[in-house]
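Good morning, everyone. Please look at the sequence and the model on the screen while I speak.

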Amino acid sequence: SAQSVSAEVVATARQALKLNPKLAEPHVALSTVLEHRFQWDSAESEVKTALQVDGHSVEARLRYGQQLRIRGRLVESLRQFQAARDDDPASAVIASHLSYGWYLAGQLDSALAESARAERIDSLNQTTLQFGAEIRLAAGPQREARQPIQRLNRPRAGITLYVLAKTGDRET
C-alpha cells in the first residue's frame, strides 16, 4: 500500500541521514513523502535543508520548483527551475518544467523556446511531450498541439483528452 511505501521511504531516509547527515537526497525523499501527505510547509522545510546541504542538488531544485509552482509561487518556482537548468543544462525534464513555468507566468514566447529546447534534448520524454502539447495548444495553431501527444507512449488521460478535445478531434 502507499502508506507502507511511504513509511519505508521515511525509515530509509532517516537511516541514511544517521549514517551521513550531509546527504541531500534523503531530505528530498522526505520532502516528497510530506508533499504527498499535503504537509506543504514541512515538505518545503525538508527541500530547503537539502539545498543547504547541497546547493547544486538538481533533484532538490526540481522538487522545490514543483512545490512552489503548485502553491502558486511562480516567480520563486521559475528561479528554482533556472538554477536547476544552470546545473544540468542537458535535462529535458528540467527544461520542460521551466517551459511550463513560463507558460503559467504568461510568457508564451519563453515557454515555446524552452519547450523546443526540451524536445531537442529528448524528443520522447513524457514530461516534455505533455507540457509541450499544452503550451502549443495555447500558442496555436491547434493542430501542432497534437504532435507531442502522438509521441506519448503512456498518455495521461487528462492532458491527452484535453488537447484532443480542444483541437476538435472527437473521433480519437
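I begin with a term: a residue is buried when its relative accessible area is under 20%, exposed when over 50%, and partly exposed in between, using a 1.4 Å probe and protein chains only. The model is predicted, so local features need pLDDT of at least 70 and side-chain atom pairs pLDDT 80 or more, while totals for chains, interfaces and linings use all residues. Residues are numbered from 1 along each chain as its sequence is written, and side-chain values use heavy atoms, leaving out hydrogens and water.

The protein has ten helices and zero strands; these are DSSP runs numbered from the N terminus, with at least four residues (H or I) for a helix and at least two (E) for a strand. Of its 172 residues, 43% are buried.

Let us turn to helix 5. Which residues of helix 5 are buried? They are Ser77, Leu78, Gln80, Phe81 and Ala84. Viewed down the helix axis, these buried residues fall within an arc of 160 degrees, so they line one face of helix 5; the arc is taken from the directions from the axis to the C-beta atoms. On the other side, Val75, Arg79 and Asp86 are exposed.

The cover over the buried face includes helix 3 (40–53), helix 4 (58–70) and helix 6 (92–104). Take Phe81: setting aside neighbours within four places in sequence, its contacts (heavy atoms within 4.5 Å) include Leu62, Arg69, Ile94 and Leu98.
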